[in-house]
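Visitor: I would like to learn how to read the helices of a model, one feature at a time. Could we go through it together?

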Amino acid sequence: GVRLFMGRTRGCGGEVMSGDVVVVGHHADPRVRALLAWHGIAHVLLRREAWEHDEGDVWMLTFELACPKAVVDGDLDELVATTWAPETVVRAWAPIARTLGRR
């Protein structure tokens, strides 16, 4: 139910949302564009569910959407090659994701 568009996004971090619409700005790196799309989708989902959240929560959900824990337990190089997020993000997020939900 989230609609995603490419367009101008002046004065923001690279994506804007309104209701269930996310507009992602143009960026030369398609993996950065994908990360911005995931970030906009995370904003929409948290707002839709009326969760009290801040930007840190949105980024945590962004990383989980882009690189879910269900797939981070495999080979890291394969994950980097197949995940639509910048390599630095995937390599930084994977060790964190592997610890989520563990006590």
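Predicted model: local features only at pLDDT ≥ 70, side-chain atom pairs only at ≥ 80, totals over all residues.

Visitor: Let me begin with the length of a helix: how many residues does α1 have, and how far does it reach from its first C-alpha to its last?

Guide: Helix α1 runs over residues 30–48, which gives 19 residues, and its reach from first to last C-alpha is 27 Å, close to the 27 Å expected at 1.5 Å a residue.

Visitor: And what is to be seen at the start of α1 and just after it?

Guide: At the start, a side-chain oxygen of Asp-29 comes to within 2.8 Å of the backbone nitrogen of Arg-31, while just after the helix Ala-50 adopts a positive phi of about 55°.

Visitor: How should I read the pattern of buried residues in a helix?

Guide: The general idea is that an α-helix has 3.6 residues a turn, so residues three or four places apart point the same way. In α1 the buried residues include Leu-35, Leu-36, His-39, Ala-42, His-43 and Leu-46, and among the elements that cover the buried residues of this helix are strands β1, β2 and β3 together with helices α2 and α5.

Visitor: How does one describe the packing of two helices?

Guide: Two packed helices are described by the angle between their axes and the distance between the axes. Here the axes of α2 and α5 come within 10 Å and cross at roughly 100°, which means that α2 is roughly perpendicular to α5. Met-60, Phe-63 and Glu-64 of α2 make the contact with Val-89, Trp-93 and Ala-97 of α5, and these residues divide into five nonpolar, no polar and one charged.

Visitor: What of Arg-98, and how far is it from Asp-20 in sequence and in space?

Guide: Arg-98 is found in helix α5 and, at 23% relative accessibility, counts as partly exposed. Arg-98 and Asp-20 are 78 residues apart in sequence, and their C-alpha atoms lie 30 Å apart in space.

Key:
Residues numbered from 1 in each chain as written. Heavy atoms only, no water. Helix = DSSP H or I, 4+ residues; strand = E, 2+ residues; numbered from the N terminus. Expected span 1.5 Å × (residues − 1). Buried < 20%, exposed > 50% of the residue type's maximum accessible area, 1.4 Å probe, protein only. Contact = heavy atoms within 4.5 Å. Polar contact = N/O pair within 3.5 Å; in protein donor to acceptor, adjacent residues only side chain to side chain. Axes fitted to C-alpha atoms, helices over the stretch in contact; angles between N-to-C directions. Parallel < 35°, antiparallel > 145°, perpendicular 65-115°, else oblique. Nonpolar A, V, L, I, M, F, W, Y, C, P; charged D, E, K, R; others polar.
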